[in-house]
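Colleague: I would like a close look at a single part of this model, taken slowly and with the cut-offs spelled out.

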Amino acid sequence: MAFDLLRLEGIDTSGWLYERRRAALERLYAERRLSGTWALCPSTTDQSTVGRLAEQLDPGRH
């Protein structure tokens, strides 16, 4: 499950604003057509939402 992008093609992106990192992550996900075991988590800061998303992606593990 991808939440954030901290490194891209050898570039440390941790100093970028979150909005820029998130946009880069979404572009990467779309360009590479990631699917299957890859999941792009919706952007949220609500812990209960994160828990529900994790449960939906991997029932019984959490």
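Which backbone nitrogen does the side chain of Thr13 reach?

Modeller: This is a predicted model, in which local features need pLDDT of at least 70, side-chain atom pairs count only at pLDDT 80 or more, and totals for chains, interfaces and linings use all residues. Residues are numbered from 1 along each chain as its sequence is written, and side-chain values use heavy atoms, with hydrogens and water left out.

The side chain of Thr13 reaches the backbone nitrogen of Arg7 at 3.3 Å, a polar contact being a pair of N or O atoms within 3.5 Å, where within protein one must be able to donate a hydrogen and the other to accept it, and residues adjacent in sequence count only if both atoms are side-chain atoms. Thr13 sits in the loop between strand S2 (11-12) and helix H1 (18-31), helices (H or I, at least four residues) and strands (E, at least two) being DSSP runs numbered from the N terminus. With a relative accessible area of 0%, Thr13 is buried, a word that means under 20%, whereas exposed means over 50% and partly exposed in between (1.4 Å probe, protein chains only).

Leaving aside neighbours within four places in sequence, Thr13 is in contact (heavy atoms within 4.5 Å) with Leu5, Leu6, Arg7, Leu8 and Arg21. Arg21, for its part, belongs to helix H1 and is likewise buried, at a relative accessible area of 10%. The side chains of Arg21 and Asp4 are joined by a polar contact of 2.8 Å, and the residues that Arg21 touches, not counting those up to four places away in sequence, include Leu5, Ser14 and Trp16.
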